[in-house]
Amino acid sequence: MTLALSASTEAGARLCALADVLADDLATRAAAHDRAATFPHASSDALRAAGYFAAPIPKPLGGLGVGSLHDLVVASVRLAAGDASIAIGVNMHLVAVRNMVRILGIAEHRGDDRRATALAEGLKNLATRGEILAAAISEPKQELLRPSTVATSVEGGWRIDGRKIFCTGVPAASTLYASVSYADAAGAARYGYAMIPVRARGVTVHDDWDALGMRASGSHSVTFDGVRLPKRALSGGFPAGSTVRYMERNLSAGLFHASASLGIAEGAAKAALDGVAKRGVTDGRTRALAAENAMDLTLGRAPLARGAALIDEHEAANPGASGDPEAVTALFVEAQAVKAVVGEASGRVVERSLAMTGGGAFLNGHPIARAYRDVRAGTFMNPLAANRAYELVGMAALGLDPWLS
């Protein structure tokens, strides 16, 4: 028996207990939606009703007050064990919301009352209205630091034009959190984030998600054709091409992706062990596979916990700023190494779980068959897909200046 990760705070422990209950509920619908490649609206509704989407938002603003990244990703592991397709959409929502909470904390620490008030109001609205964000970041032939989706300044606001892919969870979303390129008042190119209502005129959600795994995730593509937004809808942002600023905004994303991979692996390993227990007879090969699974689960849990703890420590040490650029870069590189290590270990666990279970697990509808397909998605998720991750970590290991493209 291996020891699963546990929360480090009281708020985190409550969230993990909630995730366990919700995961059991999500699992009852997962197979049917996977087979039909349909989005599990009932699962999303259950998460919303429980307040899970507001987990990082401070309690005074209507959230669950889970400030620890470590505890958020531990809960995400447990949620993904029930249904990874819905869990990855939740994770992408939480990445965006947690960034907003972090920016709120920096504004409060600096005494920037105007910005803090605006951020607090936005977060309170997210929590009290039960709003769900879908990340609209990925694009065909993506250039990470310069989105091809464009925000053009027009009278009274912005016009948004472009196309996004892999907009996970969009069937349940109220708002698309979209990366855009725009020009500031001085004409300089910037990378920004636009909050775009899913039902806004000019937004088209294409019912086109048909993939090997994560089939119930609703990761449809979206087109923006002359979408008009008020000025306040475009915020944040940094100079286009800035690797460090991109890393800063995506510091935790790799760990949330890793948590989904680990959750899939834990679910598959448990299903395999349950099957062995029902048979009542083991052989040397089965025991070896079980031992290797236990070791790879340990291998996956340790870096995930450490990576999240390092980011928590960095943020606690830098309450009023993003922190030293070298530290941000080192943490991003570490998070990407964690994503790769956990993803690869999780894939091996699922592979062995299939071997331990036998032909029954090869049939569609079995949780291990679904896990076998779902676990492969982590390799392709930005930031960063595997090829880019290995390049980045390799450059850092060789003492070269890491960059992204």
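Modeller: Quick definition to start: rings of Phe, Tyr and Trp (its six-membered ring) pair when their centres lie within 6.5 Å, and planes under 30 degrees apart are stacked, over 60 edge-to-face, the rest tilted. This is a predicted model, where local features need pLDDT of at least 70, side-chain atom pairs count only at pLDDT 80 or more, and totals for chains, interfaces and linings use all residues. Residues are numbered from 1 along each chain as its sequence is written, and side-chain values use heavy atoms, with hydrogens and water left out.

Colleague: How many aromatic pairs does that rule give?

Modeller: Just apply the ring rule to the model. The count comes to seven.

Colleague: What kind of pair do Phe166 and Trp209 make?

Modeller: Their ring centres are 5.8 Å apart. The planes sit at 85°, so the pair is edge-to-face.

Colleague: Is Trp209 buried or exposed?

Modeller: Buried means under 20% relative accessible area, exposed over 50%, partly exposed in between (1.4 Å probe, protein chains only). Phe166, at 43%, is partly exposed. Trp209 has 18% relative accessibility, so it counts as buried.

Colleague: Which residue pairs with Tyr246, edge-to-face?

Modeller: Look for a ring 6.5 Å away, centre to centre, with 70° between the planes. Both partners are buried. The one you want is Phe332.

Colleague: Over which ring does the charged end of Lys231 sit?

Modeller: A charge sits over a ring if NZ of Lys or CZ of Arg is within 6 Å of the ring centre and within 35 degrees of the ring normal. For Lys231, the charged end is 4.2 Å from the centre of the ring of Trp158.
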